[in-house]
Structures are given as structure tokens and as C-alpha cells.
Amino acid sequence: MDSYSVAPALPAGLSLDPTTGIISGTPTALSATATFTITATNAAGSTTADVSIAVTAVAPTGLMYSVNPALFIRGVAITALTPTSSGGPVVSYSVAPALPAGLVLDTGTGVITGTPTLAVAAASHTVTATNTGGNAIVALSIAVIRQCGTGTEQCVFVSSTTSNGDLGGLAGADATCAAAATSSGLAGTFKAWLSTTATSAGSRMTNVALPYVRLDETVVATSWTGLTSGGLTAPINLTERGGPAAASVWTNTEVDGGSLAADCTLWSDGTSGGTGVQGTTSSIMSTWTSDGAATCNLLKALQCVEQ
């Protein structure tokens, strides 16, 4: 062939070598799929061939958010969550399932803002960043918890940290609950639902006629009497961060708040030689607080109760 030509013109940045017919270059602008007719010519005549070309963006990769998992307090405006990604520029963002009530995803920038209006347990929301080349996704965990210290309800949660039976005594266990509450921005004073053989949880707690509620605002007992009457209306199974709790907790506490007989030597023994009474976080029966004894070397959480 003596020469090559193309019609219409190739996408910006691409060129056809009129001698060899080779198409080369670096496309500089996106373009939808289109058909280009290449004509090869010599002294005897010409022939044509159609070439389909599309110029798409490099797909985004490595999508992530500035905070993940994210924890928010109902009624408090959040610090904006901002995404970053590699690869090509993102054209649009979407999320499924919908964000908690009061939060909004900017579909152009991917930034999440707003003031959450309902408390919800931690849940995963899939954010997708898309351009013409493809998409990238990230699973963003968001929990919205209620504020405590309001004087209208008593918050309860399970510590997200676990420990063997050496809790540092009752004071150490209370300090664990206080630190957990502080880490989540919770107001109020918290103590561990925990007894020694000499000192009961019931005698250490403020007994009030207010509802006891999880941080997702689910009522677990309508009052102190309800809390200590044998069963709960819902399990105490969420942590201070609104996530799922460990399966069991140290208690040595009877359902009425009284002491039982196994306390890992006043909660100072973390060896397999001692035992402590445990509770089960999935239970609403009396086993929520008294579900047999476990060896003190095992790792368990604490139930924390607002005072």
C-alpha cells in the first residue's frame, strides 16, 4: 500500500501513520465508542476497514475514607468523612444501603456530612466510586450512638476490650468502663456490673427508676427493678462503639444484683487455677448475668452501667 487515511479524525492524541497505517499516541480526552474508517490506497485502487475506538478513564482504585469505622453521636454534627483514591479521577459516588438518617453523601465529591438523627448499631455501607473506566468500592462501617448522662435514661454497654480475671479488682473494672465511655465521647459515670464475694454489684450501683437502654436506644429494662427481676427485654450485646459485643462477660453477680461465690480472687487472678462467674451477652434470661463459672485465664468483657 502506498498510503493510509482515516475518517473521521481519530480521538485527540491519537494519529495514523499515512505510510504504515499504524495508529499510535496517547489519548488526551475521553470519548465514547465510535467507528473510524481506515482507507488503504495504491496505484491499483483502495480498500477500507472499520476500527472501533473508545477512550475511557483509568478506573479508580484504593478507595478509602479518612475514618473507618466511624462512630457518631445522635444529634451532634459530624466531622466530614472525606474519601481518597488512586487511579483515574472519580466522576460520581453512590452508597448502599442508605446512610443513617441525617447523614448525606455528596455524589460528586464522596464527602459524607450531616447530623445523625437516629441511633443505630454499627452497620456496613458500601460506597462506590465510578468513572468511565470502572469503579472502586469500600465498606464503610458507621455506628450512631445515643448520648448518655441525660438524667432521663441509664445507658448500658459491653466493653469492647476483654481481659482475663485479673481486672485490677472492682476499681480496675470500673476504670475500664469509664475509659470505654470516654473513648466514645459518652457523658455520665459508669461502673462495671461486677461483684466480689464481699461486695455486690447491687450495693455498688445507683438504683434508679429509669429505663436502662443500649446505645442504639433499645430498652433492656424499664427500671432498676426490671433489671434485677430475672430477665431483660433485650440483650445487652452492644459495645461502647455500637458494635457487636463479646460472647461473655465477667460478673460474679446474681440476677438480683447480689454476689455469687467465684470472683477470680477478688478479680486479681488471671490464671487457670481460679474461676469466676460469667454472663452471656446474647441472653435475656437470668444467664445474662449468671451463666456458670469459667477459668480465670479466659478473656471476657465487662457490662458497664451508667450511674
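A nonpolar core is a set of buried Ala, Val, Leu, Ile, Met, Phe, Trp, Tyr and Cys residues joined through side-chain atoms within 4.5 Å, where buried means under 20% relative accessible area with a 1.4 Å probe and protein chains only. The model is predicted: local features need pLDDT of at least 70, side-chain atom pairs count only at pLDDT 80 or more, and totals for chains, interfaces and linings use all residues. Residues are numbered from 1 along each chain as its sequence is written, and side-chain values use heavy atoms, without hydrogens and water.

**Exercise 1.** Find the largest nonpolar core and the elements that supply it.

*Solution.* Start with the residues that have the most contacts inside this core of 25 residues: F157, F190, L194, W250 and L302. Next, turn to the elements, which are DSSP runs (helices H or I, at least four residues; strands E, at least two) numbered from the N terminus. Those supplying at least two core residues each are β7 (70–73), β13 (134–145), β14 (154–158), α1 (169–183), β15 (190–192) and α4 (264–267). Finally, α1 gives the largest share, five residues.

**Exercise 2.** Check the span of α1 and list its buried residues.

*Solution.* First, the expected span is 1.5 Å times one less than the number of residues. For the 15 residues of α1 that makes 21 Å, and the end C-alpha atoms are 21 Å apart, so the two agree. Then pick out the buried residues: G169, L170, G172, A173, D174, C177, A180 and A181. Last, step just past α1, where G185 takes a positive phi of about 75°.

Technical notes. Buried < 20%, exposed > 50% of the residue type's maximum accessible area, 1.4 Å probe, protein only.
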